[in-house]
Amino acid sequence: MTLGFIALTLPSDAQAQLREILAKSISVSRSEAELDLRFRDGSAFTIRLDDGTIFVDGVSSGSYTVGDPLDEAFRNLLGQAVALEDGALAELLASWSRSADLEELESARLIAEALEASVRDIDEDADVDQGAVSVSVGTESSLLELLVGSLGRLGALEEAMEGLDQELRLRIHVDEDVTIESGEVVSRSIVVIGSDLRIEGEVLGDVVVVGGTLELPESGIVHGEARLADTRILLNDGEIRGGLTDLLESERIMRSGLRERIREEVREELRRDLGNEIRSAARLDDDGFSIMTPFRPVIRGVGGVVEKLIMVLVLGLIGAGFFGVAGENVDRVAETARHAPGRAVMVGFAGTFLLIPIWLFAAAALAISIIGIPLAIAWLPLFPVVVALAVLLGYVAVARNAGEWLSDSSWPWTGWIRKENPISSLFGGLLGLTFAFLAGHVMSIVPLLGVFSILLFVIGGLLTFFVAQIGFGAVLLTWGGQRREYDAYDADPGWAQAVQADVDEATFGAESAPMT
């Protein structure tokens, strides 16, 4: 906005003309090069490069290096000035500019500005100094339209003008196409707003184009920086030596990221809505009705039955593995669980209570010594595995006992169980132990029997817990089935006669003395 109001207050073009040169004096030596001018108005101008120092009207104004490109360029200028007089000489000095390959850019610009200022006669009636800003507007309404109708473009213009070389003069063109002809050298920075800029010659300053097109043919050279905002560039082998900056690139990247984020959010929202619609097709809210509502209890009940049958199958396969690897151990554990279930369950409870203290205490005891540290590392994961195997072994043994008991029963559905076959007894016992769960799942299908199904689940859970304790205790009593706990039952025939009413009395009497 500040730039716009400045433009409103400035004249469209500053009036200036070349001063008339009456005399010139040029002296050149190995370490010195001097130009002395005398003008018709009686004023004089002197610029001298003397052994590394630049003097303008006798005042030290900069420095250079003897023999450097700046020194050579100035001496070449003096060589051309020898053959020129008055107007031609003034035009040469006014248009002289620093070369792009000069190392001392500041010093070169100083000389160029001093030469041009010396030969230009600025109109005293001009409102502003020609060295400041010149503004050219395409139409009377162009600038007003820019200020009122394109605030976004003004924001880009403000960013483009930030840090612009303030030592060079500035040319501003609003809604007016600009062409720098081939061979023309512009020492100013050029700002073009809302129009096109074609550079066939050279621009020593910076170039700013907002809302237009920048075209650089092969002969076009921009010594400074080109700053573009909402602008198309046609770089036809032209050269931008100060670099190209797209002021809206970061904004476009931000907008692209924002669009992508919005797109992802929309996709996610659509996925959620579609999922909700699919779920709503099968069920509604808790207080609503769905076509799947009557079938939910059936699905839950059948799923529970299938889950328990799969568990029976897995435990049966594990038990079959125990029978194949350590069948005698299973027999000893089963015998102990059958003859002393009370003792086994007490030992099982005690062992379960002491599992964690034993596990931690043993690990701490092993970790005290360096040798025991590896053992402690192995003990921590192996102990839970051994305990789990012991519980499974005990449960399989008790399940086989249950299967044998069911085989001796008169229940019609137990006729397939063969007592002499341990695998058959095992699967029969596992089904018997999970019967409460199976019945509970079946009853859960009927809404009115939900209370009874919960009761059956509780009974099944308690039965499973006590069976696991009996089996675990039997494993501990037999040291994992390594020893028998009740050998005495096979040695006393008198006890066998007392517990078996169908023993042959003659056979028993022949083998033992009569009882008194």
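Hi everyone! Of the 516 residues in this protein, 37% count as buried, meaning under 20% relative accessible area, with exposed being over 50% and partly exposed in between (1.4 Å probe, protein chains only). Please keep in mind that this is a predicted model, where local features need pLDDT of at least 70, side-chain atom pairs count only at pLDDT 80 or more, and totals for chains, interfaces and linings use all residues. Residues are numbered from 1 along each chain as its sequence is written, and side-chain values use heavy atoms, leaving out hydrogens and water.

The protein has 15 helices and 21 strands; these are DSSP runs numbered from the N terminus, helices being H or I of at least four residues and strands E of at least two. Its accessible surface is about 29,700 Å², with 60% belonging to carbon and sulfur atoms (Shrake-Rupley method, 1.4 Å probe).

Now to the patch. Met346, Phe349, Ile454, Val458, Leu462, Phe465 and Phe466 make a nonpolar surface patch of about 670 Å². Patch residues have over 30% relative accessible area and no salt bridge, and nonpolar side chains are joined within 5 Å; a salt bridge is a side-chain nitrogen of Lys or Arg within 4 Å of a carboxyl oxygen of Asp or Glu.

Which element gives the most to this patch? That is α13, with five residues. Phe349 sits in helix α9, and counts as partly exposed because its relative accessibility is 30%.

Lastly, Val298 lies in helix α8, residues 296–339. The C-alpha atoms of Val298 and Val442 are separated by 8.5 Å, though 144 residues apart along the chain. Thanks, everyone!

Terms used:
Patch = residues over 30% accessible without salt bridge, like charges linked within 9 Å, V, L, I, M, F, W, Y side chains within 5 Å.
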